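Hi everyone, thanks for coming.

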Amino acid sequence: MDPTIAAILSLDGVTNGAVYALLGIAIVLVFTVTRVIFIPQGEFVAFGALTLAMLQAGRVPGTVWLLLFMAAAVAVNDTVAALRTRRHARQVALEAARTLGLPVIVSAAAIVLAPARPPMLLQAALTLALVTPMGPLVYRLAYRSLADASVLVLLIVSVGVHFALTGLGLLFFGAEGFRNPSFWDERFTLGPLSLTGQTLIIFAASLALLATLFVFFDRTLVGKALRATAVNRTGARLVGISTDGAGTLSFTMAAFIGAASGLLIGPSTTMFYDSGFLIGLKGFVAAVFAGLTSFSLALAGALGVGLIESFGSFWASAFKEVIVFTAILPVLLARSFVDRHPEEH
């Protein structure tokens, strides 16, 4: 391998690592706040890419019906729970209206705008608006009632949610694969490297999201409340922080990051309804590098995963996935000796 090939592979690895970093940080965020190992994070990536692809084709995306289905399921679930506790009918109706309001408005906008094929940036914004509300809906459907369950139970639920979302993805998107066009088709030369406009957009968007997350957690009251919940849930409750609200917000942010990652990675690979699992798993590997606790280590782990994948595909392309997932074994072994293992109660 000469330096030119090494530079090209490094650029490819860092580009993919930037996307894995976003997914790894989202997984760390959800775990630290709710103790949920969120395996379905990759499904938001696939839904984001497929939604944009359908809007590009002038078709109403399956995300519309999936979002309405999930919102209706949450509204019915909440209504049944409210009737059991004999709450006032007007309050129940208001809660149902709040649950259904945003999904119905966004879905109606998508149904009206999709056949007209609006500009790509508007399609991207519509994609984010359709996928992001799925995060809190997933939390309310699957995790809210199990907030105090053990990590093992939450992990089992995550596996179930993953299979449910994959099946719903097949139902609403079909088995056909899509590859999105680039947001920017320009090419730039930097020494031996050829940079595409899409690569620069991935770098810029990833850095902007990471900087926004840093400011959010370090400078805002809501971000500090999420950090407090991550450090000590009981203590957070005692000082008046709603752990349920923190869980809802963390899932909302995870869905937004997943959808944005889907928009970024969509032009690089053909996406199918089940493509998100493998992509999300690489983000999970990055999160494991960080012990599911540190955003900065998750970022470093994601870049490492991207580089291992890139160089692995050069030396043994048929085994690149095996190489990536095997790399996690020494990390797990090292952490089993270093990390403490407090008993879970």
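I'll go through the core, the aromatic rings, the charged pairs and then a bit of the surface.

Some housekeeping. This is a predicted model, where local features need pLDDT of at least 70 and side-chain atom pairs count only at pLDDT 80 or more, while totals for chains, interfaces and linings use all residues. Residues are numbered from 1 along each chain as its sequence is written, and side-chain values use heavy atoms, with hydrogens and water left out.

Okay, the inside. When I say buried, I mean under 20% relative accessible area; exposed is over 50%, and partly exposed is in between, with a 1.4 Å probe and protein chains only. A nonpolar core is then a set of buried Ala, Val, Leu, Ile, Met, Phe, Trp, Tyr and Cys residues joined through side-chain atoms within 4.5 Å. The largest one here has 88 residues, and Phe38, Val138, Tyr143, Leu226, Phe251 and Met271 are those with the most contacts inside it. Which helix gives the most to this core? That's H1, residues 3-34, with 14 residues. By helix I mean a DSSP run (H or I, at least four residues; strands are E, at least two), numbered from the N terminus.

Let's zoom in on Met271. Leaving out residues up to four places away in sequence, Met271 touches Val45, Ala46, Ala49, Leu50, Glu176, Gly177, Phe178, Ile265 and Ile279. Contact here means heavy atoms within 4.5 Å.

Now find helix H6, residues 134-143. Eight of its ten residues are buried, so H6 is largely enclosed by the rest of the structure. Among those buried residues are Val138, Tyr139 and Tyr143.

That takes us to the rings. Rings of Phe, Tyr and Trp (its six-membered ring) pair if their centres lie within 6.5 Å; planes under 30 degrees apart count as stacked, over 60 as edge-to-face, and the rest as tilted. By that rule there are ten aromatic pairs. Take Tyr139 and Phe251: their ring centres are 5.1 Å apart and their planes sit at 40 degrees, so this pair is tilted. The pair links distant parts of the chain, with Tyr139 in H6 and Phe251 in helix H11 (residues 243-265), 112 residues apart. Are these two buried or exposed? Tyr139 is buried at 4% relative accessibility, and Phe251 is buried at 0%. They also belong to one aromatic cluster, made up of Phe38, Phe44, Tyr139, Tyr143 and Phe251.

On to charges. A salt bridge is a side-chain nitrogen of Lys or Arg within 4 Å of a carboxyl oxygen of Asp or Glu. The whole structure has six. In one of them, Arg140 meets Asp78, with the closest N and O atoms 2.4 Å apart. Arg140 is in H6 and Asp78 is in helix H3 (residues 62-84), so the pair ties together parts that are 62 residues apart in sequence.

Another one joins Glu309 and Lys282, at 2.5 Å between the closest N and O atoms. Glu309 lies in helix H13 and Lys282 in helix H12 (residues 276-289), so this pair ties together parts 27 residues apart in sequence. Both ends are buried: Glu309 at 6%, and Lys282 at 5%.

Val305 is buried, at 2% relative accessible area. Not counting residues up to four places away in sequence, Val305 touches Tyr20, Lys282, Val285, Ala286, Phe289 and Val324.

Last stop, the surface. Patches are made of residues with over 30% relative accessible area and no salt bridge, joining like charges within 9 Å and nonpolar side chains (Val, Leu, Ile, Met, Phe, Trp, Tyr) within 5 Å. Accessible areas come from the Shrake-Rupley method with a 1.4 Å probe, and for residues only the protein chains shown count as cover. Ile308, Phe319, Val322 and Ile323 make a nonpolar patch of about 330 Å². Val322 is in helix H14, residues 320-326, and counts as partly exposed at 48% relative accessibility.

Look for Arg117 in the loop between helix H4 (89-113) and helix H5 (120-131). That's me done, thanks!
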